[in-house]
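Me: I am new to this structure. Could you walk me through how to read it?

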Amino acid sequence: MHKGDRAADFELSDQHGEPVKLTALLAQGPVVLFFYPLAMSGGCTQEVCHFRDLGEQFDQLGAQPVGISRDSVERQAEFAQRNAVAYPLLSDPQEEVIEAYGVKRRLLAKLLPVKRSTFVIAQDGKILEVISSEMDMRVHAERALKVLQQNQG
C-alpha cells in the first residue's frame, strides 16, 4: 500500500477479543494504522506509549491510532494493560493484514516479522501518508499528527 492508494479493509480482533473492522473505524474519523514488530519489546513499547501520550492531540483531530502486530490477543491485552493503552491493539497472527499492507519482513523475519510502518488514512479510506522508520520510535506519531493537521477540513 502506498500514499494515494485506498486502504485495504480488514477485520481483526483487538486486545479484548472484539472484532474491529477498518471501515467501522473510518466511519468515526481518520485512522492512524501503525504496524509494530513485537509487543512488549523495548522499541515497540516506546512507540505504543508515544501514541498513547499524544492521544489528546489525535482526539482533537478526530483521529484514532490503531496498532497491529502478529502477537496473540492475550499478548496484546497484557501489552495494553501494562502500558495503559486505551486505543485498539489488533492481533494479526496469520499475517493477512500485514501482508496486504506490504509490511511483512522477508529478511530477519524470525526475529522481527513486521516492518515498523504507519499508514495515515483519511476518513474516505485514502492513504494520506506512509511513515517508515525502524530506529526513531517517536517519528510515527509525530509525523502522523502533522499529516492530519495539514489535511484538516
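**Reading the fold**

Reply: Gladly! Of the contacts (heavy atoms within 4.5 Å) between residues at least 6 apart in sequence, 62% join residues at least 24 apart in the protein chain. This is a predicted model, where local features need pLDDT of at least 70, side-chain atom pairs count only at pLDDT 80 or more, and totals for chains, interfaces and linings use all residues. Residues are numbered from 1 along each chain as its sequence is written, and side-chain values use heavy atoms, leaving out hydrogens and water.

Me: How many helices and strands does the protein chain have?

Reply: Helices (H or I, at least four residues) and strands (E, at least two) are DSSP runs, numbered from the N terminus. Here there are six helices and seven strands.

Me: Which residues of helix 4 are buried, and why are they on the same side?

Reply: An α-helix has 3.6 residues a turn, so residues three or four places apart point the same way. Buried means under 20% relative accessible area, exposed over 50%, partly exposed in between (1.4 Å probe, protein chains only). In helix 4 (residues 73-82), the buried ones are Gln76, Phe79 and Ala80. They cover an arc of only 95 degrees around the axis (taken from the directions from the helix axis to the C-beta atoms), so they lie on the same side of helix 4.

Me: What covers the buried residues of helix 4, and which residues are exposed on the other side?

Reply: The cover includes helix 2, strand 4 (64-69) and strand 5 (89-91). On the other side of helix 4, Glu74, Gln81 and Arg82 are exposed.
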